[in-house]
Amino acid sequence: MSINRVNISGNLTRDPELRMTSGGTQVLSFGVAVNDRRRNPQSGEWEDYPNFVDCTMFGARAEAVSRYLSKGSKVAIEGKLRYSSWERDGQRRSKLEVIVDEIEFMSRGSQQGDGGYSNAPQVPRGGYAQQPQARPQAPVQAPPTADIYDEDIPF
C-alpha cells in the first residue's frame, strides 16, 4: 500500500493561469515557492532555499479560486503528487506537480504574502463561493436573578 498526500504552504510565484480543456473542464495552473532551511557549510548560518512547486486545480472550483489568487498570495494546499513525462524536440521531459484537492487563502486582503489570514471567502468543495448570510440576532435576556439567601436552598 502507498499513500500519495501532500501538504504545503507558501507564496504564489506567478499569477495563476486559467484555461479550459476541449471538453469544457476548467484548469487552473500556478506555482508555489516553499522554503527549506539548511545550514550553510561555509558560514554555519541557516539559510532559506526555495523549492518551486507546480500546482494544478480542476473543475468549477478552479475558476472560483482564480479570482482570489495573484502573484505573492500565501496559500496552504493539500493534494496529491502526479508525475508527467513527454517528449519535445527529441528531448525527454518530465515533471512532478501537485493536483490540488483543498486550498486555504492565508494572505490578508490586498497585502500579499504577509502571513495573515485572508478576508476572502473560503471556496467550498462543491464548486462555487456563496455569500455569507446575515443571521438575525435573537434578543438576549439576562438570566433571572436569584437571592443567594433564599430559604428554599439547603446549605
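Is Tyr-68 buried, partly exposed or exposed? Tyr-68 is partly exposed, because its relative accessible area is 29%, where buried means under 20%, exposed over 50% and partly exposed in between, with a 1.4 Å probe and protein chains only.

## Basis of the model

This is a predicted model, in which local features need pLDDT of at least 70 and side-chain atom pairs count only at pLDDT 80 or more, while totals for chains, interfaces and linings use all residues. Residues are numbered from 1 along each chain as its sequence is written, and side-chain values use heavy atoms, with hydrogens and water left out.

## Overall build

The chain has one helix and six strands, and from the N terminus on these elements follow the order β-β-β-β-α-β-β; helices (H or I, at least four residues) and strands (E, at least two) are DSSP runs, numbered from the N terminus. Of the 155 residues in the chain, 28% are buried.

Among contacts (heavy atoms within 4.5 Å) between residues at least 6 apart in sequence, 53% join residues at least 24 apart.

## The nonpolar core

The largest nonpolar core has 19 residues, and those with the most contacts inside it are Ile-8, Phe-30, Val-32, Cys-55, Val-75, Ile-77 and Ile-103; such a core is a set of buried Ala, Val, Leu, Ile, Met, Phe, Trp, Tyr and Cys residues joined through side-chain atoms within 4.5 Å. At least two residues of this core come from each of strand S1 (6–12), strand S3 (26–39), S4, helix H1 (60–66), strand S5 (74–88) and strand S6 (91–105).

## Thr-56 in strand S4

Thr-56 belongs to strand S4 (residues 46–58), and Thr-56 is buried, with a relative accessible area of 6%. Leaving aside neighbours within four places in sequence, Thr-56 is in contact with Val-27, Leu-28, Ser-29, Glu-97, Val-98, Ile-99 and Val-100.

## Aromatic rings

The structure holds one aromatic pair, formed by Tyr-68 and Phe-105, which is tilted, with 5.7 Å centre to centre and 45° between the planes; rings of Phe, Tyr and Trp (its six-membered ring) pair if their centres lie within 6.5 Å, and planes under 30 degrees apart count as stacked, over 60 as edge-to-face and the rest as tilted. Because Tyr-68 lies in the loop between H1 and S5 and Phe-105 in strand S6, the pair ties together parts that are 37 residues apart in sequence. Phe-105 counts as buried, at 5% relative accessibility.
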